[in-house]
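Thanks for coming. Please have the sequence and the structure open.

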Amino acid sequence: MVPSNKVIAIDGPAASGKSSVATRVSKKTGFLHVNSGLMYRALTWSALRADIDTNNESKIIDHLNSIEMECIKSNDSLLLHIDGNDPGEELKSQEVNRSVSVVAAIKEVRSELVKRQREYLLISDIVMEGRDIGSVVFPETPFKFYIDASPEVRALRRRGEGGVDDLRERDKLDSSRKVSPLVIPEDAFVIDTSEMDLNEVVEKVLSELNNKGLIT
Ligand code: CDP
Ligand code: CDP
(Lines give C-alpha, C1' and ligand atoms only; values in the text may rest on other atoms or scores of the structure.)
(Ligands and ions follow the chains in the order given, each with its own letter.)
Protein backbone atom coordinates (compact mmCIF):
# COMPACT_ATOMS: atom_id res chain seq x y z
CA MET A 1 0.00 0.00 0.00
CA VAL A 2 1.23 3.52 -0.78
CA PRO A 3 1.30 5.04 2.72
CA SER A 4 0.93 8.63 1.53
CA ASN A 5 -2.46 8.09 -0.14
CA LYS A 6 -5.40 9.19 1.98
CA VAL A 7 -8.97 8.00 2.51
CA ILE A 8 -12.08 9.92 3.43
CA ALA A 9 -14.59 7.31 4.67
CA ILE A 10 -18.32 8.05 4.50
CA ASP A 11 -20.73 5.54 6.03
CA GLY A 12 -24.41 5.61 6.83
CA PRO A 13 -27.78 4.01 6.17
CA ALA A 14 -29.65 4.02 2.88
CA ALA A 15 -30.60 7.39 1.36
CA SER A 16 -28.85 9.38 4.07
CA GLY A 17 -27.01 11.39 1.40
CA LYS A 18 -23.68 9.52 1.16
CA SER A 19 -23.37 9.61 -2.64
CA SER A 20 -24.37 13.25 -2.96
CA VAL A 21 -21.93 14.28 -0.25
CA ALA A 22 -19.12 12.04 -1.53
CA THR A 23 -19.51 13.43 -5.07
CA ARG A 24 -19.09 16.99 -3.84
CA VAL A 25 -16.27 16.20 -1.44
CA SER A 26 -14.49 14.42 -4.29
CA LYS A 27 -14.83 17.52 -6.49
CA LYS A 28 -13.49 19.76 -3.76
CA THR A 29 -10.55 17.55 -2.76
CA GLY A 30 -9.73 15.92 -6.12
CA PHE A 31 -9.88 12.52 -4.37
CA LEU A 32 -11.28 9.66 -6.47
CA HIS A 33 -14.91 8.87 -5.55
CA VAL A 34 -15.54 5.17 -4.96
CA ASN A 35 -19.09 4.00 -4.22
CA SER A 36 -18.55 0.59 -2.61
CA GLY A 37 -22.31 -0.11 -2.63
CA LEU A 38 -22.19 -0.32 -6.42
CA MET A 39 -19.92 -3.37 -6.16
CA TYR A 40 -22.46 -5.26 -4.03
CA ARG A 41 -25.21 -4.04 -6.35
CA ALA A 42 -23.32 -5.14 -9.49
CA LEU A 43 -22.78 -8.65 -8.15
CA THR A 44 -26.48 -8.87 -7.21
CA TRP A 45 -27.55 -7.57 -10.62
CA SER A 46 -25.35 -10.07 -12.41
CA ALA A 47 -26.53 -12.99 -10.26
CA LEU A 48 -30.19 -12.10 -10.88
CA ARG A 49 -29.53 -11.94 -14.62
CA ALA A 50 -27.97 -15.37 -14.47
CA ASP A 51 -31.07 -16.64 -12.66
CA ILE A 52 -29.15 -17.50 -9.51
CA ASP A 53 -31.06 -17.75 -6.26
CA THR A 54 -29.57 -14.93 -4.18
CA ASN A 55 -30.14 -16.97 -1.01
CA ASN A 56 -27.82 -19.68 -2.32
CA GLU A 57 -24.50 -18.58 -0.80
CA SER A 58 -22.21 -21.03 -2.58
CA LYS A 59 -23.73 -20.21 -5.99
CA ILE A 60 -23.27 -16.49 -5.34
CA ILE A 61 -19.64 -17.03 -4.33
CA ASP A 62 -19.00 -19.13 -7.47
CA HIS A 63 -20.67 -16.45 -9.55
CA LEU A 64 -18.47 -13.70 -8.08
CA ASN A 65 -15.42 -15.78 -8.98
CA SER A 66 -16.65 -16.32 -12.51
CA ILE A 67 -17.45 -12.75 -13.58
CA GLU A 68 -15.20 -9.90 -14.54
CA MET A 69 -15.99 -6.75 -12.60
CA GLU A 70 -14.20 -3.92 -14.32
CA CYS A 71 -13.98 -0.40 -12.95
CA ILE A 72 -13.92 2.38 -15.49
CA LYS A 73 -12.95 5.90 -14.54
CA SER A 74 -15.52 8.40 -15.75
CA ASN A 75 -14.80 12.02 -14.83
CA ASP A 76 -14.08 11.89 -11.10
CA SER A 77 -15.91 8.67 -10.27
CA LEU A 78 -16.00 5.02 -11.27
CA LEU A 79 -18.43 3.03 -13.38
CA LEU A 80 -18.67 -0.74 -13.06
CA HIS A 81 -18.89 -3.04 -16.03
CA ILE A 82 -19.71 -6.71 -15.61
CA ASP A 83 -18.30 -9.00 -18.30
CA GLY A 84 -18.19 -5.96 -20.56
CA ASN A 85 -21.81 -4.90 -19.86
CA ASP A 86 -22.75 -1.58 -18.28
CA PRO A 87 -25.68 -2.20 -15.89
CA GLY A 88 -26.35 1.56 -15.70
CA GLU A 89 -29.46 2.49 -13.77
CA GLU A 90 -30.42 -1.19 -13.40
CA LEU A 91 -28.10 -1.24 -10.38
CA LYS A 92 -30.76 0.84 -8.60
CA SER A 93 -33.71 -1.33 -9.68
CA GLN A 94 -36.32 -2.67 -7.28
CA GLU A 95 -35.05 -6.24 -7.84
CA VAL A 96 -31.51 -5.28 -6.89
CA ASN A 97 -32.71 -3.21 -3.91
CA ARG A 98 -34.64 -6.23 -2.69
CA SER A 99 -31.76 -8.71 -2.84
CA VAL A 100 -28.55 -6.74 -2.36
CA SER A 101 -28.45 -6.89 1.45
CA VAL A 102 -28.72 -10.69 1.43
CA VAL A 103 -25.83 -10.94 -1.03
CA ALA A 104 -23.79 -8.38 0.95
CA ALA A 105 -24.17 -10.44 4.14
CA ILE A 106 -22.13 -13.36 2.70
CA LYS A 107 -18.74 -13.49 4.41
CA GLU A 108 -16.76 -14.59 1.34
CA VAL A 109 -18.39 -11.91 -0.81
CA ARG A 110 -17.37 -9.26 1.69
CA SER A 111 -13.78 -10.44 2.04
CA GLU A 112 -13.29 -10.42 -1.74
CA LEU A 113 -14.94 -7.04 -2.33
CA VAL A 114 -13.18 -5.45 0.66
CA LYS A 115 -9.86 -6.64 -0.80
CA ARG A 116 -10.72 -4.93 -4.10
CA GLN A 117 -11.86 -1.78 -2.29
CA ARG A 118 -8.51 -1.53 -0.49
CA GLU A 119 -6.67 -1.76 -3.82
CA TYR A 120 -8.04 1.63 -4.89
CA LEU A 121 -5.69 3.23 -2.42
CA LEU A 122 -2.76 2.01 -4.51
CA ILE A 123 -3.80 4.31 -7.35
CA SER A 124 -5.18 7.41 -5.70
CA ASP A 125 -6.38 9.35 -2.70
CA ILE A 126 -10.01 8.29 -2.34
CA VAL A 127 -13.34 9.25 -0.87
CA MET A 128 -15.17 5.97 -0.36
CA GLU A 129 -18.77 5.57 0.75
CA GLY A 130 -20.52 2.49 2.11
CA ARG A 131 -21.49 0.75 5.32
CA ASP A 132 -18.17 -0.51 6.76
CA ILE A 133 -15.57 1.81 5.26
CA GLY A 134 -14.53 3.47 8.53
CA SER A 135 -15.06 0.36 10.65
CA VAL A 136 -13.55 -2.43 8.51
CA VAL A 137 -12.17 -1.39 5.11
CA PHE A 138 -10.01 1.53 6.28
CA PRO A 139 -10.23 1.61 10.10
CA GLU A 140 -6.90 3.46 10.28
CA THR A 141 -8.05 6.59 8.43
CA PRO A 142 -8.52 9.66 10.62
CA PHE A 143 -11.11 11.07 8.18
CA LYS A 144 -14.32 9.21 9.04
CA PHE A 145 -17.88 10.43 8.67
CA TYR A 146 -21.18 8.82 9.56
CA ILE A 147 -24.06 10.48 7.75
CA ASP A 148 -27.50 9.83 9.16
CA ALA A 149 -31.10 11.07 8.89
CA SER A 150 -34.38 9.91 10.37
CA PRO A 151 -36.06 6.95 8.60
CA GLU A 152 -38.93 9.24 7.55
CA VAL A 153 -36.63 11.81 5.95
CA ARG A 154 -34.61 9.13 4.19
CA ALA A 155 -37.75 7.44 2.84
CA LEU A 156 -38.91 10.82 1.54
CA ARG A 157 -35.54 11.47 -0.12
CA ARG A 158 -35.55 8.09 -1.84
CA ARG A 159 -39.17 8.50 -2.97
CA GLY A 160 -38.18 11.85 -4.46
CA GLU A 161 -35.77 9.99 -6.71
CA GLY A 162 -38.48 7.59 -7.95
CA GLY A 163 -38.01 3.84 -7.84
CA VAL A 164 -39.03 1.35 -5.16
CA ASP A 165 -36.76 0.69 -2.20
CA ASP A 166 -37.74 -0.85 1.14
CA LEU A 167 -35.20 1.08 3.21
CA ARG A 168 -36.39 -0.33 6.51
CA GLU A 169 -35.81 -3.91 5.46
CA ARG A 170 -32.40 -3.12 3.96
CA ASP A 171 -31.32 -1.15 7.05
CA LYS A 172 -32.43 -4.00 9.30
CA LEU A 173 -30.44 -6.57 7.35
CA ASP A 174 -27.38 -4.31 7.02
CA SER A 175 -27.33 -3.49 10.74
CA SER A 176 -27.97 -7.00 12.02
CA ARG A 177 -25.74 -9.18 9.82
CA LYS A 178 -22.90 -11.11 11.48
CA VAL A 179 -20.08 -9.85 9.26
CA SER A 180 -19.25 -6.13 9.20
CA PRO A 181 -22.67 -4.77 10.10
CA LEU A 182 -23.46 -1.10 9.68
CA VAL A 183 -22.14 0.57 12.85
CA ILE A 184 -21.05 4.06 13.80
CA PRO A 185 -17.25 3.89 14.06
CA GLU A 186 -16.13 5.11 17.48
CA ASP A 187 -13.99 7.90 16.05
CA ALA A 188 -16.39 9.00 13.28
CA PHE A 189 -17.72 12.53 12.90
CA VAL A 190 -21.49 11.97 13.01
CA ILE A 191 -23.84 14.28 11.14
CA ASP A 192 -27.61 14.04 11.55
CA THR A 193 -28.77 15.55 8.27
CA SER A 194 -32.52 15.24 8.92
CA GLU A 195 -32.92 18.99 8.89
CA MET A 196 -30.00 19.94 6.72
CA ASP A 197 -29.83 20.54 3.00
CA LEU A 198 -27.02 19.08 0.96
CA ASN A 199 -24.91 22.27 0.93
CA GLU A 200 -24.99 22.46 4.71
CA VAL A 201 -23.86 18.84 5.04
CA VAL A 202 -21.04 19.32 2.55
CA GLU A 203 -19.91 22.50 4.34
CA LYS A 204 -19.83 20.60 7.63
CA VAL A 205 -17.73 17.80 6.17
CA LEU A 206 -15.31 20.23 4.52
CA SER A 207 -15.01 22.25 7.70
CA GLU A 208 -14.11 19.09 9.66
CA LEU A 209 -11.55 18.13 7.00
CA ASN A 210 -10.12 21.63 7.34
CA ASN A 211 -9.96 21.30 11.16
CA LYS A 212 -8.06 18.04 10.68
CA GLY A 213 -5.60 19.70 8.32
CA LEU A 214 -6.53 17.70 5.23
CA ILE A 215 -7.68 20.72 3.24
CA THR A 216 -7.26 24.47 3.59
O1 CDP B 1 -27.27 4.17 -1.84
P2 CDP B 1 -27.78 3.27 -0.75
O3 CDP B 1 -27.34 3.73 0.60
O4 CDP B 1 -29.24 3.03 -0.81
O5 CDP B 1 -27.15 1.82 -0.97
P6 CDP B 1 -25.68 1.44 -1.46
O7 CDP B 1 -24.65 2.24 -0.75
O8 CDP B 1 -25.67 1.43 -2.94
O9 CDP B 1 -25.55 -0.04 -0.91
C10 CDP B 1 -26.40 -1.08 -1.35
C11 CDP B 1 -26.27 -2.23 -0.38
O12 CDP B 1 -24.95 -2.77 -0.48
C13 CDP B 1 -26.47 -1.90 1.09
O14 CDP B 1 -27.84 -1.92 1.48
C15 CDP B 1 -25.65 -2.99 1.76
O16 CDP B 1 -26.38 -4.19 1.85
C17 CDP B 1 -24.50 -3.22 0.78
N18 CDP B 1 -23.27 -2.52 1.16
C19 CDP B 1 -22.48 -3.09 2.12
O20 CDP B 1 -22.86 -4.12 2.71
N21 CDP B 1 -21.27 -2.56 2.43
C22 CDP B 1 -20.85 -1.46 1.82
N23 CDP B 1 -19.63 -0.98 2.14
C24 CDP B 1 -21.65 -0.84 0.85
C25 CDP B 1 -22.88 -1.39 0.56
O1 CDP C 1 -26.02 7.58 -1.19
P2 CDP C 1 -27.25 7.59 -0.31
O3 CDP C 1 -28.20 6.49 -0.64
O4 CDP C 1 -26.91 7.64 1.15
O5 CDP C 1 -28.03 8.96 -0.60
P6 CDP C 1 -28.04 9.90 -1.90
O7 CDP C 1 -28.33 9.07 -3.07
O8 CDP C 1 -26.83 10.77 -1.92
O9 CDP C 1 -29.25 10.86 -1.54
C10 CDP C 1 -30.60 10.46 -1.67
C11 CDP C 1 -31.41 11.68 -2.09
O12 CDP C 1 -31.51 12.59 -0.99
C13 CDP C 1 -30.82 12.46 -3.25
O14 CDP C 1 -31.85 12.81 -4.13
C15 CDP C 1 -30.24 13.71 -2.60
O16 CDP C 1 -30.27 14.83 -3.43
C17 CDP C 1 -31.16 13.89 -1.41
N18 CDP C 1 -30.52 14.57 -0.26
C19 CDP C 1 -31.19 15.62 0.35
O20 CDP C 1 -32.28 15.97 -0.07
N21 CDP C 1 -30.63 16.26 1.43
C22 CDP C 1 -29.46 15.89 1.91
N23 CDP C 1 -28.95 16.50 2.97
C24 CDP C 1 -28.78 14.81 1.31
C25 CDP C 1 -29.34 14.15 0.20
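Start with the shell around ligand 2: by class, five nonpolar, four polar and six charged residues. Nonpolar here means Ala, Val, Leu, Ile, Met, Phe, Trp, Tyr, Cys and Pro; Asp, Glu, Lys and Arg are charged, and the others, Gly among them, are polar.

Before going on, the conventions. This is a predicted model, where local features need pLDDT of at least 70 and side-chain atom pairs count only at pLDDT 80 or more, while totals for chains, interfaces and linings use all residues. Residues are numbered from 1 along each chain as written, chains are lettered from A and ligands numbered from 1 in the order written, and side-chain values use heavy atoms, with hydrogens and water left out.

Back to the ligand. There are 15 residues around ligand 2, and Gly17, Lys18, Ser19, Ser20 and Arg158 come nearest; a residue is near if one of its heavy atoms lies within 4 Å. Helices α1 (18–29), α7 (151–160) and α9 (198–211) each supply at least two shell residues, and α1 gives the largest share, three. Helices are DSSP runs of H or I, at least four residues, and strands are runs of E, at least two, numbered from the N terminus.

Now the oxygen atoms of ligand 2. One is 2.5 Å from an N or O atom in the side chain of Ser20. For polar backbone atoms, the distances are 2.8 Å at Ser19 and 3.0 Å at Ala15. Alone, ligand 2 exposes 540 Å², of which the protein buries 77%; areas are Shrake-Rupley with a 1.4 Å probe.

Next, β5. Why is this strand largely enclosed by the rest of the structure? Because five of the five residues in 126–130 are buried, meaning under 20% relative accessible area, with exposed over 50% and partly exposed in between (1.4 Å probe, protein chains only). Ile126, Met128 and Gly130 lie on one side, Val127 and Glu129 on the other.

Last, phi. Most residues other than glycine have a negative value. Asp51, between α2 (36–49) and α3 (57–66), has phi near 65° and is exposed at 72%. Ser180, between α8 (167–176) and β7 (189–192), has phi of about 45° but is buried at 15%.

Definitions and conventions. A polar contact is a pair of N or O atoms within 3.5 Å; within protein, one must be able to donate a hydrogen and the other to accept it, and residues adjacent in sequence count only if both atoms are side-chain atoms.
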